[in-house]
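Student: Hey, can you walk me through this one? I'd like to start with a helix.

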Amino acid sequence: MNQERVFKVLLGPHMTEKAAIAAENNQYVFKVSSDATKLEIKKAVEALFDKKVAGVQVLNVKGKAKRTARGEGFRSGYRKAYVTLAAGETLEDFTGNE
Amino acid sequence: MQVSVETTSTIGRRLTIQVPAAQVDQAADAQLKKFQGRRMNGFRPGKVPAKVLHSRFGAEARNEAVSEIIRENYVKALSEESLNPAGFPEIEPTVNEPGKDLEFVASIEVYPQIELKGIEGTSIERPKASITDADVDEMIESLRKQAADWSTAERAAAEGDQVKIDFEGFLGDEPFEGGKAEGHELVLGSNSFIPGFEDQLVGASAGDEPTIKVTFPEDYQAEHLAGQEATFKTRVHEVKEQALPEIDAEFTKRFGVESGDLAEFKAEVRKNMERELDTAVENSVKQQVIEALKSANPIEVPKSLIQQEIDALKRQAAQQFGLGEDFDVSQLPNELFEEQGKSRVQVGLLLAEVVSANSLEASDEELRGFGEKIAQQYQQPEQVVEQYLNNEQMKNQLKSAVLENKAVEKLAESANVSDKEMSYQDALAAAQANPAAESEEASESAEAKDEENS
């Protein structure tokens with residue numbers, strides 16, 4: 001997988017309370033591009049961090065519906081990936097990435 | 001904490017200080033806890049896990065903790081090694097990594113250890129002058145000149161007259177820049193213009209249009225004009241002669257003698273002159289003592305102190321030139337003031353040493369006495385003295401001035417002081433010969449005098 005596609009697939013770390021708990025179970029959460037597949041994400045993470053990935057779960061987060069004076073609208077949503085690393089692998093300093 | 005001191009020069013010191021890793025890391029953690037309450041996206045306030053906090057703010061927290069520790073330990077090291085630094089240190093951390101002992105180097109300059117050498121055997125000349133009647137008359141004459149009026153005279157201009165002229169200067173046929181003015185008031189014989197200009201105006205009367213040919217001197221400040229021959233077309237508007245005021249009641253009133261009594265006026269003038277002479281004699285002796293002290297004790301002084309003094313001098317200079325409050329004094333070049341600043345720091349340190357060596361003290365009465373002496377030159381002496389004594393800062397200034405004088409006196413006692421006869425004028429000139437060593441209160445009294453005369 002070429003370098004360009006890696007950065008197109010992985011948009012950045014997703015650091016929340018839930019993600020912090022997941023990190024304790026060796027799962028790291030990323031925002032990914034909406035057209036990324038599990039396989040792509042697996043390869044991208046393996047290429048970028050040089051770690052073995054055990055599995056990937058993805059989901060689409062819907063944007064919130066917002067009403068303003070100009071009418072109703074949606075915030076944009078995003079695609080989120082829970083990447084489980086192989087046993088024994090960890091990501092240090094995950095929060096600072098991209 | 002481990003401290004090692006290196007001596008880099010007579011006054012330069014290098015402190016290498018080591019702080020145990022545990023202490024630093026603990027401080028960094030404590031600092032990190034302060035970030036706990038900080039709002040962070042994705043987390044409820046206060047719910048950010050320590051790990052996340054560490055990776056996000058760890059470096060920042062450590063920096064803060066380290067600079068705090070450096071400050072603390074620097075001060076502690078100073079008191080342990082009993083060093084007395086002048087100015088601020090230059091601090092450079094050499095090892096600063098988590099898990100390792102923190103090490104930093106502080107370079108400072110200390111106050112020099114002064115082993116005071118006295119000035120025994122140095123000969124000092126004390127100017128001794130008496131004020132003659134002729135001196136008084138001369139002073140009154142110069143007061144008259146200061147108070148002179150200019151009145152229009154219907155005659156040809158003579159030396160000493162003031163003329164009001166327009167002029168325009170030409171190099172060949174070309175007018176040159178800065179060579180033109182209208183309604184300029186010029187006193188003939190004041191030598192404020194290029195040599196020859198004023199001479200050629202002598203004999204001109206109002207309405208004349210003399211053409212003046214002059215050669216600019218070789219060392220003229222405008223280079224393109226230096227050494228050139230120039231022609232000035234001039235037009236004389238007015239010739240004024242100097243009218244010296246008569247010495248009468250009205251004249252004396254201007255100088256504060258209400259009764260208009262001539263004898264009283266003369267006595268007043270003489271009193272002022274005596275005071276001036278006293279100060280001059282004092283200053284002259286003081287300067288010689290200080291000079292002698294300085295050459296007997298060549299000391300190296302900390303750069304930071306010199307810089308402080310230079311800054312103070314710059315501000316003073318800016319004030320003198322009327323550059324205004326918000327003038328940026330750092331624009332003035334350091335070199336101008338370096339010598340003076342250095343000598344002032346040296347003198348200050350040496351005199352302070354003399355004061356402490358002889359354990360001199362200034363009592364309140366002495367302060368009052370000295371304050372009264374200064375205040376004499378003002379209109380309401382009592383008020384000024386009160387003002388001096390009630391203001392803490394001014395009182396301290398007064399105190400240091402008194403102590404300084406005492407130190408000088410003490411030193412003068414040990415030197416060979418011989419009286420030297422000279423005239424009033426010479427005595428005044430002698431005191432002004434070395435303005436660099438001029439002390440603050442001397443310049444203060446000079447200012448006060450200026451006010452009086454104007």
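Predicted model: local features only at pLDDT ≥ 70, side-chain atom pairs only at ≥ 80, totals over all residues.

Student: Which residues of α9(B) are buried?
Tutor: Leu367(B), Phe370(B), Gly371(B), Ile374(B) and Ala375(B) are buried in α9(B). Buried means under 20% relative accessible area, with exposed over 50% and partly exposed in between (1.4 Å probe, protein chains only). Helices (H or I, at least four residues) and strands (E, at least two) are DSSP runs, numbered from the N terminus.

Student: Where do the buried residues fall, seen down the axis of α9(B)?
Tutor: They fall within an arc of 140°, so they line one face of the helix. That arc is taken from the directions from the helix axis to the C-beta atoms.

Student: Switching to strands, how many residues of β7 in chain B are buried?
Tutor: In β7 (residues 162–171), 7 of its 10 residues are buried.

Student: And which strand does β7(B) join through 8 bridges?
Tutor: That's β8 (residues 174–187) of chain B, running antiparallel. Two strands pair if DSSP finds at least two bridges between them. β7(B) and β8(B) form a hairpin with 2 residues between them, and Gly172(B) in the turn has a positive phi of about 65°.

Student: What about β10(B), how many bridges there?
Tutor: β7(B) pairs with β10 (residues 229–243) over 9 bridges, in the antiparallel sense. Gly169(B) has Phe232(B) as its bridge partner in β10(B).

Technical notes. Residues numbered from 1 in each chain as written. Chains lettered and ligands numbered in written order. Heavy atoms only, no water.
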